[in-house]
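Hello,

Here is the structure I promised to hand over. Please open it first, then read my notes below.

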Number of protein chains: 2
Amino acid sequence: MIDREPPMLDVIAPLVIPNTTKIVLVSLDGLGGLPRPETGRSELETARLPNLSQLASEAACGLIRHVAPGITPGSGPGHLGLFGYDPLRFQVGRGVLEALGIEFDLRPGDIAARGNFCTVDRAGRITDRRAGRISTDLCVRLTERLRTIRLPGVEVLVEPVKEHRFVLVLRARGRAGAAKLSAQLSESDPQLLDKPPLTIKALHPKAKATAALVNKFVAEARRLLADATPANMVLVRGFDQSPQLPRFPEVYGLRSAAIAAYPMYRGLARVVGMEVLKTGSTFAEELATLRDHWDAYDFFFVHYKDTDKAGEDGDFDAKVDALERLDRAIPEIRALKPDVLIVSGDHATPSILAAHGWQPVPVLVWSRYCGADVVTAFTERACGAGSLGVIPAQHLMPLVMANALRLTKFGA
Amino acid sequence: MIDREPPMLDVIAPLVIPNTTKIVLVSLDGLGGLPRPETGRSELETARLPNLSQLASEAACGLIRHVAPGITPGSGPGHLGLFGYDPLRFQVGRGVLEALGIEFDLRPGDIAARGNFCTVDRAGRITDRRAGRISTDLCVRLTERLRTIRLPGVEVLVEPVKEHRFVLVLRARGRAGAAKLSAQLSESDPQLLDKPPLTIKALHPKAKATAALVNKFVAEARRLLADATPANMVLVRGFDQSPQLPRFPEVYGLRSAAIAAYPMYRGLARVVGMEVLKTGSTFAEELATLRDHWDAYDFFFVHYKDTDKAGEDGDFDAKVDALERLDRAIPEIRALKPDVLIVSGDHATPSILAAHGWQPVPVLVWSRYCGADVVTAFTERACGAGSLGVIPAQHLMPLVMANALRLTKFGA
């Protein structure tokens, strides 16, 4: 007897068989919504979506829960779930996500942290944790100063992100270097005003040397930024190393490509080992990329950002528009004749919340073998009654693989 | 990678953020039912429930499974599940539950057991495990005798319950006392007639002293009850200590109050650290208590017993009536304008079973952000098609917390 239920990835891996079928996963960022109180209809229920409705009628539908009921997924857990990784078991730290977001080429053993420029008073107490959200230009110039910091035995890599944000990466020099660094560190951001930044502490004895290095970096940064008020100090937090995830192409036996205009999603795809295709900044360009590489891959992750952007802005109508634009692109995708077409998202971003939400997200799985259900509209409400039920996100990829006839049976 | 999925409470705790929203959880004891064979309609499907139907139309609905498919929950696991504790991980022993049921003030280290008065013949063999269900009055008088028993190093506390039932508690004297007692004991009840009561055995070496104490108590009891036939002997079982559960108000950051007319449910709420409000014996009095304390708490657990009582009696019509009475109280609760209103139960008590059942129990979660689903009736069948799906009970509290906007997102 096995002591506990094995993770789904371990169940799937030995069942994978080769095939030539093609799979397209279209992820509408922040797809799920909530009814607008005045009409009682969500964004999906308000939008005219003839192509998605048609697809839903032909597909198996359901709702996806990315982490657990009531838990609002960040972008990291949202995507890991879609890719088949249990987000409660595989966690990606803040610093790593920030680095992925600028497509920083994190290497095994690198320690990444999120940095903020902040303001401190003469006594060293924080008066603004975001340094008045300085311009990105100024952020770029100040990170140039931070790059002059030298620490013994490690490379110091500092990359500007946006406004007051930057990424700090420590990379051990030499072969045995990786073993020297540890991300088990406390944070310097007290998350409060009128307190000085905290000294970084080792949360494990093996992290002591790394803690000393980071504290030296912070002290040097303070010296270099002394004249740069409001950005006269730094806060660092979310220390982590690049997660060692099972590689998506190997687990599923799929030549896998990611098509995403935004760097964060390219980064998340790269972390699981997908190839990230060069594409433009619009969805039309993403579709052109899909067409151009159709023959070279078995699996395409296609990311659509506009739905999330509108939701985060609390702009219900803009989200409806974004959905209708996506709907018009569906025939183009179907014209490529994928064997399995999945439409879903990484989390809900209801316009009335103007933020990520915890609500389960509609999903449709279309293939020749998906089976029929009662669902004829791609909405939260309709999909709730679909044949897939309400499933954890990490159960989607096994379903997809089955529909692609790429899994053999379990047990003789 | 984390070796296994962390328990939900550990996932939630670091995500809790403060808010001023108010939450009411109305628990209809033994809520779920089964269709009456003559009509094919369950109690919920037979009752006229206009207010619950309206609420279901506006709410996210689903079914709750308290322990696992096919497992009938007792009151302990049923409530722990509702409060967000995985009942398979957190178990409350019979003796403790019996003590909670009379609101006995169990202290850390106390050993509680359920006691029965029973009848033994001259040879000491059991002829009636319940002593002919003696009157509660007689039980009270006989426990007075048992209270005269003195044991070295411990206080002996004996409390009557009802009919032949009593609670035995051993409390170590002195500061270091708690460490001396252990509940790892076998039971004296052979669960058979014509056998003598069993000697209590230590199930762990550290319980040897406690076993000797309990055997001394039983021997003394036999001597003291010799003339009290049919209640001329005792059986003791279900030894346990008060469980050290994470405290509900601290885990969720909620000032939490329990309103329950029955002592068992007050006891269960107290075990997780809720404040138990003084209330009357009717649901109308419970609602008055709710109104009176509205400003002082963030979370109210309101318990309704009538549904379970009717179900246990196998009285289908009485259960229908109990549901209709509860339905009429819903507007009063809504008038308080809670931000999140949940209606569910701790287990099913189908009238045709006349006992607790294993069937999943309807749940509705109403809030401004709960989302819409197709469910327009609060019944087992309708809720099965709701957007919450069929969820383990311990996933309810995270959902509730999310709807109260009291959880931040998971992962960056």
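**Around helix α5 of chain A**

The buried residues of α5(A) are covered by elements of chain A that include α4 (75-82), β3 (111-120), β5 (154-162), β6 (165-172), β7 (233-241) and α9 (263-271). Bear in mind that this is a predicted model.

Which residues of α5(A) are buried? They are A:G95, A:V96, A:L97, A:E98, A:A99, A:L100 and A:G101. The helix itself runs over residues 94-101. Seven of its eight residues are buried, so α5(A) is largely enclosed by the rest of the structure. Just after this helix comes A:E103, which takes a positive phi of about 55 degrees.

**Domains of chain A**

How many residues bring the domains of chain A into contact? Seven residues of domain 1 touch five residues of domain 2. On the domain 1 side, α9(A) gives the largest share, with six residues. By class, that side of domain 1 has four nonpolar residues, two polar and one charged.

**A helix pair in chain A**

Next, look at α3 (residues 50-58) and α12 (residues 316-334) of chain A. Their axes are 7 Å apart, and the helices pack at an angle of about 55 degrees.

Which residues meet here? From α3(A) come A:P50, A:N51, A:L52 and A:L55. From α12(A) come A:D327, A:I330 and A:P331. The residues of this contact divide into five nonpolar, one polar and one charged.

**How chains A and B meet**

Now the contact between the chains. Chain A gives 36 residues to it, and chain B gives 27. On the side of chain B, the elements that give two or more residues are α1 (8-12), β13 (389-392) and α14 (396-403). The largest share comes from α14(B), with four residues. By class, the side of chain B that touches chain A holds 17 nonpolar, six polar and four charged residues.

Do the copies meet through the same surfaces or different ones? Different ones: only 11% of the interface residues of chain B are also interface residues in chain A.

Two copies of a chain are related by a rotation about an axis and a shift along it.

**Backbone details in both chains**

Start with the cis peptide bonds. In chain A, one joins A:T229 and A:P230, with omega about 10 degrees. A:P230 sits in the loop between α7 (208-224) and β7 of chain A. In chain B, the peptide bond from B:T229 to B:P230 is cis, with omega near 15 degrees. B:P230 lies in the loop between α7 (208-224) and β7 (233-241) of chain B.

A:Q191 is not a glycine, yet its phi is positive, at about 60 degrees. The residue is in the loop between β6 and α7 of chain A. Is A:Q191 buried or exposed? With 11 C-beta neighbours inside 10 Å, A:Q191 counts as exposed. In chain B, B:Q191 has a positive phi of about 60 degrees, again without being a glycine. B:Q191 is in the loop between β6 (165-172) and α7 of chain B. B:Q191 also counts as exposed, with 11 C-beta neighbours inside 10 Å.

**One more residue**

Last, find A:R291 in helix α10 (residues 283-292) of chain A. A:R291 counts as exposed, because 11 C-beta neighbours lie inside 10 Å. A:R291 and A:L88 are 203 residues apart in sequence. In space, they are 35 Å apart, C-alpha to C-alpha.

Best wishes

Technical notes: Residues numbered from 1 in each chain as written. Chains lettered and ligands numbered in written order. Predicted model: local features only at pLDDT ≥ 70, side-chain atom pairs only at ≥ 80, totals over all residues. Contact = placed C-beta atoms within 7 Å. Nonpolar A, V, L, I, M, F, W, Y, C, P; charged D, E, K, R; others polar. Axes fitted to C-alpha atoms, helices over the stretch in contact; angles between N-to-C directions. Buried ≥ 20, exposed ≤ 12 C-beta atoms within 10 Å, placed from the backbone.
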